[in-house]
Amino acid sequence: MIDVATIKIRAGDGGDGRVSFRHERFVPKGGPDGGDGGNGGSVYLVSDNNMATLMDFRSRPNYKAESGVPGGHKKMTGSGGSDLFIKVPVGTLVYEVAEEGGNEGKNWNAGKSGEKLVGDLKENDQKLLLAKGGVGGKGNYHFKSSVNRTPYEYTPGTKGEAKTLKFEIKMVADVGFVGMPNAGKSTLINQLTNAHAKVANYPFTTLNPNLGTCKLKNGREIVIADIPGLIEGASEGKGLGFEFLRHVERTRLLVHLIDPYNEEIFAWMSSKRTSSGTDAKLNKNTEYEEVCQYVFELYKKVRTELEKRGGNLPEKSEIVVINKLDLTEVKEAFPHILKFFKKEKIEVLGISAYTGEGTEKLKDKIMEKLETIPTMPVFEVEPIVKTYTIENLPNKRMVRRIVPKKLLLHKKKW
Ligand SMILES: Nc1nc2c(ncn2[C@@H]2O[C@H](COP(=O)(O)OP(=O)(O)OP(=O)(O)O)[C@@H](O)[C@H]2O)c(=O)[nH]1
Ligand SMILES: [Mg+2]
């Protein structure tokens, strides 16, 4: 599901400034005329709809933009290097990777992974400047003064920026399943998609998220994520905690699955019914009140954990689904649960993940909801801010001097 590639990019260096003197007929000492170097080309990323994978980067991992040409005679500035545009698929996340050693300027390297998200190219034709070209050096004519009429000084061009980048295309799930352990989330993902998630009659069967794809009636293929179960107090680390909720943070829609089957309650109900004989029907409503309260409690417990997790989770669209409708007790209780939730202004669907009953309706509901929710997830991108040190200051002007042979001989005599 995740496509990853790492590449190295280098912007072009700036051309050096030139040391030269005007030599023309009848102009014997024409003065300095060394031109400036051209600027180096920069490296940009451009998102392109026509690309689908990062395969190409595996075979070609190094990219360099053109360097600037050194300055010429007659104060001519060298030509600048062309910029390099690297095409990446739409939806690529761009990370800057810290180089091993030599990262004095990159204080974010202190972070665990040494990667910083610097771009999220979610639309076609988005441009992202990633490595700036070096600046051309100054030619010797800039150093002319009343006391230095034959300057041999010039400045070299600065180096182009070099970076290691990691690209990642994340096929983000459209729908995330949440619920208590044993609610039937994995059974449902197996029913709806091509996934083969482990299903078992004990809590926390699912330890890692499962992903599966499912085709909807409108022809769209969607990705569904099934995550581990949440219990009361997950936010305090109970059960498997709630870190895994980050896998559904980027989904567009939650399906909240509830298993209403509680052995104790249903046993209590049947014992009451047999003892009350003819009054069975009369008592049914009050009996079911107990089940409804129980189901609503389950619902609220998971909601509380989602609220505690915060971020965009509490506001995310949700479809509430009552599972295990194939069990007679659940089937009978369902209309009551429906009514109870309606009072709370919550719409619920009933399904059996096991037999597939009601799952087509659920798919339609998913389709209907997804049509109103935008497709692209939001990632937090850190701005590309470079921390400078003395070594990598871009405007540092190091003046160099060419010592002509003439002067060297002269020196020797001294
Ligand atoms: N009768 C019936 N049993 C179901 C249904 N869906 C799931 N089950 C059973 O419920 C138990 C738990 O199902 P899972 O799909 O593993 O539940 P889960 O929500 O993924 O559980 P965790 O991964 O532990 O969070 C299994 O024994 C399933 O066979 C259903 O629709 N009807
Ligand atoms: Mg599971």
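Two residues are taken to be in contact if their C-beta atoms, placed from the backbone, lie within 7 Å. On this criterion, and leaving aside neighbours within four places in sequence, P203 is in contact with P181, N182 and G229. The model in which these contacts occur is predicted.

P203 is placed in the loop between α2 and β11 (210-215). A residue is buried if 20 or more other C-beta atoms lie within 10 Å of its own, and exposed if 12 or fewer do. P203 counts as partly exposed because it has 15 C-beta neighbours inside 10 Å. Its C-alpha atom is separated by 9.2 Å from that of G239, a residue 36 positions away along the chain. The loop between α2 and β11 also holds F204. F204 is not a glycine, yet its phi is positive, at about 60°. With 13 other C-beta atoms within 10 Å, F204 is likewise partly exposed.

The chain as a whole contains eight helices and 16 strands. It has 414 residues, of which 37% count as buried. Of the contacts with a separation of 6 or more, 75% are made by residues 24 or more positions apart.

In soluble globular proteins, nonpolar side chains tend to be buried together. In the present model, the largest nonpolar core comprises 45 residues, and those touching the most other members are F177, I224, I258, V321 and I337. Two or more residues of this core are given by each of β10 (175-179), α2 (185-192), β12 (221-226), β13 (253-258), α5 (280-309), β14 (317-322), α6 (328-343) and α7 (359-370). The largest share, seven residues, is that of α5. The surroundings of F177 include residues from several stretches of the sequence: beyond four places away, F177 touches K185, L188, I189, I224, A225, D226, I227, V255 and L257. Another core, of 20 residues, lies apart from the largest one and includes I86, V94, L121 and L130.

Helix α6 has 16 residues. From its first C-alpha to its last, α6 reaches 24 Å, close to the 22 Å expected at 1.5 Å a residue. The helix bends by about 40° at F334, and a proline, P335, follows within four residues. F334 is also one of the buried residues of α6, together with V330, A333 and I337. Of these, I337 is among the residues of the largest core that touch the most other members.

Just after α6, K345 takes a positive phi of about 65°, although K345 is not a glycine. This residue is placed in the loop between α6 and β15 (348-350). K345 is exposed because 6 other C-beta atoms lie within 10 Å.

Ligand 1 is surrounded by 24 residues, the closest being G184, S186, T206, G229 and Y354. G229 is also one of the contacts of P203. The shell around ligand 1 divides into 10 nonpolar, 11 polar and three charged residues.

Key. Residues numbered from 1 in each chain as written. Chains lettered and ligands numbered in written order. Predicted model: local features only at pLDDT ≥ 70, side-chain atom pairs only at ≥ 80, totals over all residues. Core = buried A, V, L, I, M, F, W, Y, C linked by C-beta atoms within 7 Å. Expected span 1.5 Å × (residues − 1). Bend = angle between axes of the 7 residues up to and from the residue. Near = placed C-beta within 6 Å. Nonpolar A, V, L, I, M, F, W, Y, C, P; charged D, E, K, R; others polar.
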